[in-house]
Amino acid sequence: MAKLLIFTRPDEDFTEPSAPEAWDPARRATGYRAMDGTTVKSEGERWVANFLYLHGVSYEYERPYPHDTADAEHRQYHPDFYYPDIDVWHEHWGLDANGNPRPGWTDYLDGMEWKRQLHRQHGTTLVETTWAEVMQGNGLSHLEKELVGHGIRLDWDPDRPPARGVRVVTDADMLRLVRTFMLHVKANSLDRQEVGRRLGVGLVRNRRRAGIFLTSTGRSTTPGRPGSPTAATWTSRTCSCRPPTTSSPAGTSAPTGWSWSTSCRTPARRGPA
């Protein structure tokens, strides 16, 4: 569920960034508005900013580095994130799973090394994430461990209100999504194998979004029965829905062999996992 809250819009492919939708008057540039109202420069940075906001982490976006770095080849350095409570800097690199920047970013790797060298030279602490780690892997879990290791106390609260005008995934949105999904599963007699096949032929952005949804609803399989509908176990996870109920959403019956979870009206497979 955490990733669905952070995942505020359809995903982007690395070679085809999603279009910015916000305007930052301070920088006089377009960007991506995070849940706390901060406008950042990339979708990956928005994921990071949303993660920080939902965990109650104080940060500053693009705070000037405290040492003079401007020269004939470089501007004054502004790291992506700064954590004032622990005096730690954070760079979110635009790299794919192979460690490559986007096409056309010819000097990007040299710039990364220059920034790392600055931190080594001045003895400042730097933590790092990449686009691929955050958008496609466990980058946020890695960031969590880094922050906790440096002394940050996380305070996860999925009910933190977003800034005015910021659209996020609500409990009601999640319930409608789960109900629609289960209706399609029932109407088309889909099993896990067929769901996986259809997911595999979808658009990259849709695959990412669907993958997060399936993970958040708690999919698991029974060993020895791959692809069988009796092998799939779907459970509700930390949806914080209110009030609890044992009934299905209005006008919706659970598919055969499924029941509605008492914690979130989420379909949960009956019987042993």
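This is a predicted model: local features need pLDDT of at least 70, side-chain atom pairs count only at pLDDT 80 or more; totals for chains, interfaces and linings use all residues.
**Exercise 1.** Find what surrounds Tyr65 beyond its neighbours within four places in sequence, and describe how Tyr65 is placed relative to Leu118.

*Solution.* Step 1: with those neighbours left aside, Tyr65 is in contact with Gln76, Tyr77, Pro79, Trp89, Leu118, His119, His122 and Thr124. Step 2: take Leu118 from that list. Tyr65 and Leu118 are 53 residues apart along the chain, and their C-alpha atoms are separated by 9.6 Å. Step 3: a polar atom of the Tyr65 side chain lies 3.4 Å from the backbone oxygen of Leu118.

**Exercise 2.** Glu62 is placed in the loop between S4 and S5. Is Glu62 buried or exposed, and with which residues is Glu62 in contact?

*Solution.* Step 1: the relative accessible area of Glu62 is 16%. Step 2: buried means under 20%, and Glu62 is therefore buried. Step 3: leaving aside neighbours within four places in sequence, the contacts of Glu62 are Arg27, Lys41, His78, Pro79 and Asp80.

**Exercise 3.** Describe the largest nonpolar core and state which element gives the most to this core.

*Solution.* Step 1: the largest nonpolar core has 24 residues, and those with the most contacts inside it are Val48, Leu52, Tyr59, Phe81, Tyr83, Leu143 and Leu147. Step 2: two or more residues each come from helix H2 (43-54), strand S5 (81-83), helix H4 (131-136) and helix H5 (139-149). Step 3: H2 gives the most, with 5 residues. Step 4: for Phe81, leaving aside neighbours within four places in sequence, the contacts include Val48, Leu52 and Tyr59, as well as Trp89 and His90. Step 5: apart from this core lies another, of 6 residues, with Tyr65, Tyr82, Leu118 and Leu126 among them.

**Exercise 4.** Classify the packing of H2 against H5 by axis angle and handedness, and list the residues that meet.

*Solution.* Step 1: the two axes come within 11 Å and cross at roughly 50 degrees. Step 2: that angle makes H2 oblique to H5. Step 3: the crossing of H2 and H5 is right-handed. Step 4: from H2, Trp47, Val48, Phe51 and Leu52 meet Leu140, Leu143, Glu144 and Leu147 of H5.

Conventions
Residues are numbered from 1 along each chain as its sequence is written. Side-chain values use heavy atoms; hydrogens and water are left out. A nonpolar core is a set of buried Ala, Val, Leu, Ile, Met, Phe, Trp, Tyr and Cys residues joined through side-chain atoms within 4.5 Å. Buried means under 20% relative accessible area, exposed over 50%, partly exposed in between (1.4 Å probe, protein chains only). Helices (H or I, at least four residues) and strands (E, at least two) are DSSP runs, numbered from the N terminus. Contact means heavy atoms within 4.5 Å. A polar contact is a pair of N or O atoms within 3.5 Å; within protein, one must be able to donate a hydrogen and the other to accept it, and residues adjacent in sequence count only if both atoms are side-chain atoms. Axes are lines fitted to C-alpha atoms, for helices over the stretch in contact, and angles run from 0 to 180 degrees between N-to-C directions. Angles under 35 degrees count as roughly parallel, over 145 as roughly antiparallel, 65 to 115 as roughly perpendicular and the rest as oblique. A crossing is left-handed if the near helix is turned anticlockwise from the far one by less than a right angle, and right-handed if clockwise.
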